[in-house]
Amino acid sequence: MSSSLIDVLQRHREDADPLHLPAELSELTALSPVLDRLPDPRRVRGRRYRLGSLLALCLLAVLGGATTLAGITRYAVDTAPEVRARIGLRRPPRATTLGRLLSRLDGDALDDAVGA
């Protein structure tokens, strides 16, 4: 049984220890390139966003408290342009884009990648 993205990320959120974060942002591993390694369930034609960037956005939204697709979309629209640029997004994706991706994504593969 595959897990939903929100379930996977909330499980890891509970295990996160904010006291052991690096002091400098430059010490953090870039999240979107790591998530780009996951198998992309989308067709090549028509892709406007990198998989890792979309998943990093979803991860940040869930870590920020989003529990629904609408919450993730709201976060995507409300987040600062600098944050979007840092994860590789020029503009926020639409809810339909996120919904189609998340419905096709292998939650178990995502769980393994986030856990690693």
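User: Which pattern does the protein follow, read along the sequence?

Analyst: Along the sequence the pattern is α-α-α-α-α-α-α, with seven helices and zero strands in the secondary structure. Helices (H or I, at least four residues) and strands (E, at least two) are DSSP runs, numbered from the N terminus. Please keep in mind that this is a predicted model, in which local features need pLDDT of at least 70, side-chain atom pairs count only at pLDDT 80 or more, and totals for chains, interfaces and linings use all residues. Residues are numbered from 1 along each chain as its sequence is written, and side-chain values use heavy atoms, with hydrogens and water left out.

User: How do I read the packing of helix 3 and helix 4, and at roughly what angle do their axes cross?

Analyst: Two packed helices are described by the angle between their axes and the distance between the axes. Here, the axes of helix 3 (residues 51-63) and helix 4 (residues 69-78) cross at roughly 105° and come within 9 Å. Axes are lines fitted to C-alpha atoms, for helices over the stretch in contact, and angles run from 0 to 180 degrees between N-to-C directions. Helix 3 and helix 4 are therefore roughly perpendicular to each other (under 35 degrees counts as roughly parallel, over 145 as roughly antiparallel, 65 to 115 as roughly perpendicular and the rest as oblique).

User: Which residues make the contact?

Analyst: Contact means heavy atoms within 4.5 Å. Helix 3 brings Leu57, Cys58, Leu60, Ala61 and Val62, while helix 4 brings Ile72, Tyr75 and Ala76.

User: Is threonine 73 buried or exposed?

Analyst: Buried means under 20% relative accessible area, exposed over 50%, and partly exposed in between (1.4 Å probe, protein chains only). Threonine 73, found in helix 4, has 15% relative accessibility and so counts as buried. Leaving aside neighbours within four places in sequence, threonine 73 is in contact with Ala95 and Leu98. Across the protein, 33% of the 116 residues count as buried.

User: Where is leucine 89, and which residues is leucine 89 in contact with, leaving aside its neighbours within four places in sequence?

Analyst: Leucine 89 sits in the loop between helix 5 (81-87) and helix 6 (95-104). With 3% relative accessibility, leucine 89 counts as buried. Neighbours within four places in sequence aside, its contacts are Tyr49, Ser53, Leu54, Leu57 and Arg84. Leucine 89 and arginine 50 are 39 residues apart in sequence, yet 8.4 Å apart in space, C-alpha to C-alpha.
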